[in-house]
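Hello,

Here is the structure I promised to pass on to you. Have a look at it first, and my notes follow below.

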Amino acid sequence: MPQLGVSEFSMIVVTTGKPKLTKIRNIANRAPYAFYKDYYLSLRTAIKSLFTQKRHISYLYEICRKQKDASKKINYEKVANNFKDWQSGKNITAFQPPKDNYNYSRTSITCNPELNVVLHGQPRLVKLHFNASQKMTQERANIICALIEEAIGDHEFEYSVLDLTTGKEFFFNSSYEKIFDRIHTEITNLENNWES
């Protein structure tokens with residue numbers, strides 16, 4: 001049974017041709033998740049803790065300074081700066097974010113937004129995007145937002161993807177019917193190529 005994350009799935013959907021098959025096979029054959037290989041784990045955890053543990057934004061820069069690798073430190077600082085700009089001037093209340101899976105056919109897609117915030121009285125679930133080499137686009141964000149909303153099942157939330165490589169926040173702006181037709185077609189394709 002294919003199991004993958006919502007961001008990975010969105011990347012597969014927008015990729016075409018042989019690179020799409022390569023992505024599918026790489027995910028199908030990868031080793032189990034190992035936290036120590038997660039490049040952005042400490043920064044992602046720090047961002048989440050800003051609100052849930054009421055930390056000051058300077059905590060992010062403390063995490064950046066602790067990085068021994070110079071290029072990693074630069075990447076962390078860029079992300080921290082973009083997050084600082086996004087949250088600046090906002091009165092944000094935060095809660096533990098829900099997470100769930102979107103299941104279709106034999107595929108399970110993990111939908112795990114990092115932030116559950118209330119902005120101007122409106123609850124919002126935010127998926128954070130860290131990877132500059134896998135560019136976030138409106139097309140990918142539509143897929144991510146739709147899947148998270150369907151998996152979580154709470155229509156009171158706004159759903160967004162915050163690209164921390166650029167500072168841009170994406171909201172769903174498409175037709176759910178068209179998006180889910182595409183998602184289901186892509187899941188069928190994924191399953192047909194998962195073991196091949």
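**What I found**

In this predicted model, 65% of the contacts with a separation of 6 or more are between residues 24 or more positions apart, a contact being heavy atoms within 4.5 Å.

A word on conventions. The model is predicted, so local features need pLDDT of at least 70 and side-chain atom pairs count only at pLDDT 80 or more, while totals for chains, interfaces and linings use all residues. Residues are numbered from 1 along each chain as its sequence is written, and side-chain values use heavy atoms, with hydrogens and water left out.

**Overall build**

The chain has seven helices and eight strands; these are DSSP runs (H or I, at least four residues, for helices; E, at least two, for strands), numbered from the N terminus. Its radius of gyration is 17 Å, close to the 16 Å from the globule rule for 196 residues, so the chain is as compact as a globular protein of that length. That radius is taken over C-alpha atoms, and the rule is 2.2 Å times the number of residues to the power 0.38. Along the principal axes, the C-alpha atoms fill a box of roughly 45 × 40 × 25 Å.

**Surface and charge**

Of the 196 residues, 47% are buried (under 20% relative accessible area; exposed is over 50%, partly exposed in between, with a 1.4 Å probe and protein chains only). The accessible surface is about 10,600 Å², and carbon and sulfur atoms hold 49% of that (Shrake-Rupley method, 1.4 Å probe; for residues, only the protein chains shown count as cover).

The chain carries 27 positive and 21 negative charges, whose mean positions are 9 Å apart. Lys and Arg count as positive and Asp and Glu as negative, without His and the chain ends; the charges are placed at NZ of Lys, CZ of Arg, CG of Asp or CD of Glu.

**Local details**

Strands E7 (residues 158-163) and E8 (residues 168-171) run antiparallel and are joined by four bridges (pairing needs at least two DSSP bridges). Leu-162 has Glu-169 of E8 as its bridge partner. Four residues lie between the strands of this hairpin, where Gly-167 takes a positive phi near 85°.

Lys-54, in the loop between helix H3 (41-52) and helix H4 (58-65), has a positive phi of about 55° and is exposed at 73% relative accessibility. Ser-105 sits in the loop between strand E3 (100-104) and strand E4 (107-111); its phi is positive, near 55°, and it is exposed, with a relative accessible area of 56%.

Best wishes
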